[in-house]
Amino acid sequence: MKSKLFTLFFLSCFFLISNLLPTHATIQDNKGTIKGRILDLDKNPLYPVAVFIHGTTIGDYTDEKGFYKLENCPVGDQTIVISGIGVKTTRQQVQVLTNKEVIVADIIVDDTVELNEVVINGKSEARRQQEQAYAITVLDIKKAYATTAPLNKLMNNISSVRIREDGGVGSNYNFSLNGFSGNQVKFFLDGIPMDNFGSSFNLSNISVNMAERVEVYKGVLPVGLGSDALGGAVNIISRKDANFLDASYSVGSFNTHRISLNGAYTDINSGFTVRANAFYNYSDNNYKVYAPVIDLKTNKKIDDRWVKRFHDDYEAGGLKMETGLTNKSYADYLLAGIIISKNDKDVQTGATMDAVYGGVKAKSESLIPSLRYKKRRPFCGRTFFLSLWSL
């Protein structure tokens, strides 16, 4: 009895294994191979592009002759996908046969795909300045070139900067930076202190067309400015365009005229450069004010009324001109220049209108030569600067 049971068990196991083996072999044999070639519109081989069966991880790259080979592909209708950089994604239907090698006819792929958009991001000089390790605000002037406003009108929009004018064109103004004013705030033009430029070279006279940007330092100043100020500093950077010409003229109330002329010429081969910035401002300043009327005989107040100002003309002009060499092997720039300024202002009254001066005038003239040199080169792992200005 035991021998029959053992024989029956042995036969059962034998038949079970026999049934499994064919099935496993059938699964292994239920595969196929796909071969072919990928060409471009000019019938040249495309290399390398990816070729894979949709919905699977079976894929290959074309060789230098454009051929590909996909092995162990599932039997049946399959979709092969061709994709790559600069080519249009293409699909092709293929029928895979068991244990067969299917050779697909050459597939032509469009390789003239155009990109929709290429965006290149870069930092402007104003952005790089703002990223310094200083408390600095940079005012980019380029967007305001179409206007004729003076610099102080734009700077009044900077946070922590407040500019208050006493009257019309040429009147005194108070510049406040974080609550500091007067000698606590220094002003520079291209890194050169403006203390000796004359009264006509100030924020209310310089037009926006002259500057590229304005750097407002709040607190500690960089070493390059060569000065120290408790409240901060304002550095006006003039335009450095190689070749340009910009002229503006505006006329307003009270016979006000503003003229600005800025230009530069640079010879690319020799590096010879000429830069010039000029401005002229004039106004009668004969606007009406509400003031007390005094009897000069009795020195008593008669009345308060609206009266037109007189003897308050203002005339100012300035010229900044430089010439020399730029972008040479021995110098980033070597420029000799001159600054000429003149200011002529009638003085009607003092700080208040209690006393009228009459024929008092305030005049100033300045003539300042300059020499500027700069060379930047690697020096012991650092950048070396040398600059000389103000003769």
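# A selection tour: salt bridges, sheet, core and patch

Start by selecting Arg309, which is buried at a relative accessible area of 12%; buried means under 20% relative accessible area, exposed over 50% and partly exposed in between, with a 1.4 Å probe and protein chains only. This is a predicted model, in which local features need pLDDT of at least 70 and side-chain atom pairs count only at pLDDT 80 or more, while totals for chains, interfaces and linings use all residues. Residues are numbered from 1 along each chain as its sequence is written, and side-chain values use heavy atoms, with hydrogens and water left out.

**Salt bridges**

Asp312 forms a salt bridge with Arg309, and their closest N and O atoms are 3.0 Å apart. The criterion for a salt bridge is a side-chain nitrogen of Lys or Arg within 4 Å of a carboxyl oxygen of Asp or Glu. Asp312 is also buried, with a relative accessible area of 5%. The structure holds 18 salt bridges.

Next, select Lys320 and Asp190. Here the closest N and O atoms of the salt bridge are 3.5 Å apart. The pair links distant parts of the chain, 130 residues apart: Lys320 is in strand β22 (residues 314-328), and Asp190 is in the loop between β13 and β14 (192-193). Strands (E, at least two residues) and helices (H or I, at least four) are DSSP runs numbered from the N terminus. Lys320 is buried at 7% relative accessible area, and Asp190 counts as buried at 12%.

Now go to Asp106 and Arg37. What is the distance between the closest N and O atoms of the salt bridge that Asp106 forms with Arg37? The distance is 2.8 Å. Asp106 sits in the loop between β7 (101-103) and β8 (107-108), Arg37 in strand β1 (residues 31-39), and the two are 69 residues apart. Asp106 is partly exposed at 39% relative accessibility, as is Arg37 at 25%.

**The sheet**

Select β3, β2, β5 and β6. In that order they form an open sheet of 4 strands with antiparallel pairing; two strands pair if DSSP finds at least two bridges between them. β3 (59-61) and β6 (90-96) each have a single partner strand, so one side of each lacks a neighbour in the sheet. From one strand to the next, the twist averages 20°, with axes being lines fitted to C-alpha atoms (for helices over the stretch in contact) and angles running from 0 to 180 degrees between N-to-C directions.

Zoom in on β5 (residues 76-83), which pairs with β6 in the antiparallel sense over 7 bridges. Ile82 stands opposite Thr90 in β6.

**The core**

Select Leu151, Met155, Phe175, Phe201 and Ile236. Of the 28 residues in the largest nonpolar core, these touch the most other members; such a core is a set of buried Ala, Val, Leu, Ile, Met, Phe, Trp, Tyr and Cys residues joined through side-chain atoms within 4.5 Å. Elements that give two or more residues to this core include α3 (151-155), β10 (161-165) and β16 (232-238). The largest share, 3 residues, comes from β15.

**The surface patch**

Finish with Tyr249, Val251, Ile259 and Tyr280, which make a nonpolar surface patch of about 380 Å². Patch residues have over 30% relative accessible area and no salt bridge; like charges are joined within 9 Å, and nonpolar side chains (Val, Leu, Ile, Met, Phe, Trp, Tyr) within 5 Å. Tyr249 is found in strand β17 (residues 244-252) and is partly exposed at 48% relative accessible area.

Key
Areas by Shrake-Rupley, 256 points an atom, 1.4 Å probe, with all protein chains shown as cover.
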